[in-house]
Amino acid sequence: MNILGISAHYHDSAAALVVDGVPVYAIQEERLSRHKGDAGFPLLAIESCLELAGIEPDDLDAIVFYERPMLKFDRILTCALRAFPRSWRSFPQAMKNSLGEKVWMRGIISSHLGVPGKKILFTEHHLSHAAASFLTAPTRRAAIMTADAVGEWATLSVGVGERVANGPTTIRRFREIRFPHSLGMLYSTFTAYLGFKVNEDEYKVMGLAAYGRPKLVEQVRKLIRSTADGAFALDLNYFEFHTTAQRSYSSRFVELFGPPRNPYEPIDLETAEGQRFADCAASVQRVLEDTLVELARALQRETGLTDLCLGGGVALNGVANARLLAESGFERIFVPPAPGDAGCAVGAALYCDRVHFGNPDRDLPDHPFWGPSVDGAELARLAHEDGHSVLEFQDGALIEQIASDLAANRIVGWMEGALEFGPRALGHRSILAAPHTTEMRDRLNQEIKYREPFRPFAPVVPIETAGLYFDIPPGGTRLARFMSGVFPVRPEWRSRLQAITHADGTARVQALEAAMAPRLHALLEAYGQRTGIPVLLNTSFNLAGEPMVNRAVEGYSTFLRCKIDVIVGGGTRVMKRSSTMARPHIDKVKEEVA
Amino acid sequence: MNQRIRRINKLVTNLISERKYIWLGMDSARPHERPSAFDRMLTPVHRWIWRDADRRVQKLLRFSETETDGGRDILRAAEVTSDPLLRRLYLEHAIDEFRHGILFRHRAAALLKVSPSTSNPAFQGAWLAPGGHGLDDLQVDRESDSEMLAFLHLSEKAAASRFTVYRNVMQHDPPTRAVFEEILHDETFHMNYTLTQLARVEPDSHRQHLWRARLSRLWKVYLRLATGVAGILGSMLLTIQYFVLLPPFAWLAKRAARREQTGWTVVAPGRSDSLDRQY
């Protein structure tokens, strides 16, 4: 049975193909269209899915869209009516936006793929999140919590899921919190206030929070209050996101927190103004964490379960995830590699397979690598044409060579195997570097990633030794599998892991299992043999404002535009022409190749 | 093969580092000392638009986005072309466009610092000034090298002509004028390399390609205009409907909202059972 899952039209469109109950391919549209956060209909992703599986649209048994478009339109129209007459400016745009394309999904999918309308199905947005989180997690029974900005009406939902080996699957949602009361929107409002891009830069708020103190928690608590039934509600006097598309926060919000940041001015943490913004970030982060912990604690008490599956964009907040693990009462927390809307494509397809068609449960591969593979030969051809130094290696020799490059403080663009699905670079499209000095962090920020100096870099470490360098609590390695948790760097290692230790002594660590990415695992070990510390700095292989690279040619063009020293694709290693390399070193490499 | 690579590398290095302009004796390859007649005609309008500080900031920010978008398109062109020489030239071009984006942004930020924007001017004259080529909905992956080069040449030519006018009307703001001056220099290089490369790639039919690209640009201008007019008409109709038809429904919706409880809403069992429904 072939089922195609689609998510589109909000941000980060994606398509995923499930064949006989197992995802075989999933990719975000941005990785193919090369437009970051591409929200358009994911035609390239769909074509890519079908091409890889060698099937035609007619061979699909079902195509599942990740939300119910008419229900979403209902929310948009209702909000416009409720905000009458203040919504008069945003109303025409909202209607054109929805009626122009978004509500006609059945027709659009049908016309794009040439399949009959009856094959096109719809799940609910938060159900897709729940399915993406629960059905991909190695657990049989778990509580489920999903939280994002908004789906159709729901902004947060709780429930439970149960899978029986080779038997039926159930996902039952108990209750939900509805728009405009939304944790995601609260966080996004601060994202906008702090001069970052909504739906894209929320992680910058989290990064900035480490530089501030939660001095403004009382003020933030004026915006969000607990309700008698244990949920929360926003005080809408402080917000405008529900009435207009122009601004998220109201003038009362500005009265409470002061003037918003000019997005074109860098944040200077040495100034009082810069510190105020950091304090704002720290305060909203604290309130978000507190609220999530309260909700999760109640859910744990209610279900008595030990496992929690988290989904939705809010689950990308690694600091909050770590606090949930520590304080909610759940022993294990599962966050999929793509907990945001892109992951809903997988969730919708799996839900359709297990619940709608009633197919028996199957264990799924526990990795994030569902995209196209990299072609080392393509990289070699491009580099040859431009006259760069190209060397082809057998696997072991390549690992040794790259470990030496890293130990010599070279920055490596690393591409291997299938592309990651989701926002994190988990070892197949990564920029790797030595994690020991702040100079390396600054070099990466200034010469390669061209990004704000306050943003941290993440480490990758073999799972076997992760506990030596990072204070990972029981159950934490699961969160660290897909870089979903932020944990303290052990104090005794901080001076030797400066580039990945954030201002508050933490790191968003990836604990790598050899079975998931064997070559990177081997590289970590080889690097450890050279330096004594098997930890590398791992950041996504892209430049600011661009999606992560997919094909070798995209990695290569990125390599040419910044100061990455070495690029690896498959068994090919390319060194930049301008970089100098010690002669004996080259001779040694030649000998190894010979 | 190696000789060919060496030859290409040398040629590109010369082109890029020395910014040599290879003349083919065609009108369109000349650097823009004089803007087009149309742009000259609009000079008073542009002068009026750029006089306002808020509008200047908004336009510079808009140009920044357009140049960056254009840079992404050209970067994509570099990634999809099979011609090594074009790849390197496109890459250099893309880097220039990204740099222009930064120049515009920094200038806008500097202007904002001096006089923080207090309003969002109703008229920005955006349709008058498309700038680079980020707004032309370019399907880079589907364009051939010759189509891409012809398109880029005309875009750069149009941008150079327009930027010349902007530079000329910016006497009162020397730093912004200097930004345009710097960018104009690059645009001239872009204009020329695209033309010479088009002549290389399509020695017999490059003129036809240019004409086809001109027609395509005209068609896109028409589409943009038509979409813009349709958008305005649509907005007007919807706004009228909003005030004429919606008030009773708005009253009902507000009444319902007042009765709505905050907090949890129970998810009714079976609500999600049917996947056929869109609501």
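**Figure 1. Strand pairing between the two chains.** Two strands pair if DSSP finds at least two bridges between them. In this predicted model, strand β8 of chain A and strand β1 of chain B pair in the antiparallel sense over three bridges. One of the residues to look for is B:W264 in β1(B), which is the bridge partner of A:I177.

**Figure 2. The side of chain A that touches chain B.** The contact takes 49 residues from chain A and 39 residues from chain B. The elements that give two or more residues to the side of chain A include the helices α3 (69-82), α4 (90-100) and α5 (105-113), together with the strand β8 (169-178). The largest share, seven residues, comes from α3(A). Sorted by class, this side of chain A has 23 nonpolar, nine polar and 17 charged residues. For the model, the scores are ipTM 0.88 and pTM 0.90.

**Figure 3. Two cis peptide bonds in loops of chain A.** Most residues other than glycine have a negative phi, and most peptide bonds are trans. The bond from A:F84 to A:P85, however, is cis, with omega near 0 degrees, and A:P85 lies in the loop between α3 and α4 of chain A.

**Figure 4. Two residues of chain A with positive phi.** A:H9 is not a glycine, and yet its phi is positive, at about 80 degrees; its place is in the loop between β1 (2-7) and β2 (14-19) of chain A. A:H9 counts as buried because it has 23 C-beta neighbours inside 10 Å, where 20 or more are needed. A:N409, likewise a residue other than glycine, has a positive phi near 65 degrees and is found in the loop between α15 (395-407) and β15 (412-415) of chain A. Because A:N409 has 14 C-beta neighbours inside 10 Å, it counts as partly exposed.

**Figure 5. Confidence along chain B.** Chain B averages a pLDDT of 82, and 80% of its residues score at least 70. Among the elements of chain B, strand β1 (residues 264-266) has the highest mean pLDDT, 95, while helix α1 (residues 2-18) has the lowest, 55. Over residues 20-31 of chain B the pLDDT is below 50, and this stretch has 19 contacts in the model beyond near neighbours in sequence. Where pLDDT is low, the predicted coordinates should not be read in detail.

Technical notes: Residues are numbered from 1 along each chain as its sequence is written. Chains are lettered from A and ligands numbered from 1 in the order in which they are written. This is a predicted model: local features need pLDDT of at least 70, side-chain atom pairs count only at pLDDT 80 or more; totals for chains, interfaces and linings use all residues. pLDDT is the predictor's confidence in each residue, from 0 to 100. Helices (H or I, at least four residues) and strands (E, at least two) are DSSP runs, numbered from the N terminus. Two residues are in contact if their C-beta atoms, placed from the backbone, lie within 7 Å. Ala, Val, Leu, Ile, Met, Phe, Trp, Tyr, Cys and Pro count as nonpolar, Asp, Glu, Lys and Arg as charged, and the others, Gly among them, as polar. A residue is buried if 20 or more other C-beta atoms lie within 10 Å of its own, exposed if 12 or fewer, and partly exposed in between; C-beta atoms are placed from the backbone.
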